[in-house]
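User: Hi! Could you walk me through this model? I'd like to ask a few things as we go.
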Amino acid sequence: MQRPIVLLLTVLAASAAGAETATDLLNTYGSQPVVKGATAPVPTAAAGDRFFHARHKDWSCASCHTGDPRAEGRHAVTGKPIAPLAPAANPRRFTDFAKAEKWFKRNCNDVVGRECTASEKADVLAYLISLH
Amino acid sequence: MPDSRLRHRFRTVARPAAMLVLLMAFQEEVLGASPSDKETWRAECGSCHVAFPANALKPNDWTLILAALDRHYGVDASLDARDLAAVAAYLQAQPGPERPGSAATLPRITTSRWFREEHGEVPQSTWQRPGVKGAANCAACHPGAESGRFDEDSIRIPK
């Protein structure tokens, strides 16, 4: 009687905690067309690299995640350390779609002044995955 | 008072009163804010800075802060409805001592009267040290801040 419940809980926990990989997320973002009906642009690490390091208003993504996303970051206002963003340096990154979405929304608002497009997110992910 | 009457009193007055106190404590603990609310608060309110302790502000201050998370002291800290409810339950259920924040649309701990009084002996120049980076960086001087410890014995001020 107990086994099925344990099994059910394990399955629920796995889906709640997010069993995605960085590549799953890249595929999700990378398959969303900019214009309805058009084909989605192919994500490129080079575009993600430029986007990540460009200063948009006051900040760039590097302001908190540093110029090297494999390194530990530091919050530009509070100074609190931030674990590395590149999956090669931090395997827990991009394993939970909801978490990635939450931070893309917040950080793009702060840095760019608007939410990022799916294509911009795909480029950033392609760049982060390309780092070893 | 004979023994039996005392016992009777205990049964009719003291015991129900004790039960009521226990029940209230239970409600506070279990119905007000659950351990998972606390986990949500620690994770969500501790990602950009240390999770400031609930008793650093009064409940109404927290209400004002939680109502404006998308415009949070210069950054977007918005939460989905479920996490927001959990954080609110945790922050509102904290028992006193209540410390009122600064009187502002977004109340602050660091400019409140209690904070300035507790830190009256910290010289102005200390707050600007690179290792401190501002008064809101509690953990710079209170190494136990992540686990809610701020007592005087555990303070270490970075050079």
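Analyst: Happy to, and we can go through chain B, the pockets and cavities, and the cysteines.

User: Great. What should I know before reading the values?

Analyst: This is a predicted model, where local features need pLDDT of at least 70, side-chain atom pairs count only at pLDDT 80 or more, and totals for chains, interfaces and linings use all residues. Side-chain values use heavy atoms, with hydrogens and water left out, while residues are numbered from 1 along each chain as its sequence is written and chains are lettered from A, ligands numbered from 1, in the order in which they are written.

User: How many helices and strands does chain B have?

Analyst: Chain B has 6 helices and 0 strands, where helices (H or I, at least four residues) and strands (E, at least two) are DSSP runs numbered from the N terminus. Its pattern along the sequence reads α-α-α-α-α-α.

User: And how much of chain B is buried?

Analyst: Of its 159 residues, 35% are buried (under 20% relative accessible area; exposed is over 50%, partly exposed in between, with a 1.4 Å probe and protein chains only). Chain B exposes about 10300 Å², with carbon and sulfur atoms supplying 57% of that; these areas come from the Shrake-Rupley method with a 1.4 Å probe, and for residues only the protein chains shown count as cover.

User: Now the second largest pocket. What is its volume?

Analyst: About 840 Å³ of space lies in the second largest pocket. Closest to its centre, out of 40 lining residues, are B:Trp114, B:Glu118, B:His119, B:His142 and B:Phe150. Helix H2 (35–44) and helix H5 (113–118) of chain B each give two or more residues to the lining, and H5(B) has the largest share, 4 residues.

User: How do you define a pocket, and a cavity for that matter?

Analyst: On a 1 Å grid over the protein atoms alone, a cavity is a set of points where a 1.4 Å probe fits but cannot get out; a pocket is an open set with protein on both sides within 12 Å along at least five of seven lines, and lining residues have an atom within 4 Å of a point. Points are joined across faces, edges and corners, and the volume is the space filled by probe spheres set on them.

User: Back to B:His142: is it buried or exposed?

Analyst: B:His142 is buried, at a relative accessible area of 10%, and is found in the segment after helix H6 (124–127) of chain B. Leaving out residues up to four places away in sequence, B:His142 touches B:His119, B:Arg149, B:Phe150 and B:Ile155 (contact means heavy atoms within 4.5 Å).

User: Switching topic, which cysteines form a disulfide?

Analyst: A:Cys108 and A:Cys116 do, with sulfur atoms 2.0 Å apart; the rule is a pair of cysteine sulfur atoms within 2.5 Å. The count over all chains is 1 disulfide, and both A:Cys108 and A:Cys116 are buried.

User: Why do you call that disulfide left-handed?

Analyst: Because the torsion about the S-S bond of A:Cys108 and A:Cys116 is about -95°.

User: Last one: what volume does the largest cavity have?

Analyst: About 40 Å³. Its lining includes A:Tyr29, A:Pro41 and A:Asp123, and H6(A) gives the most to that lining, with 3 residues.
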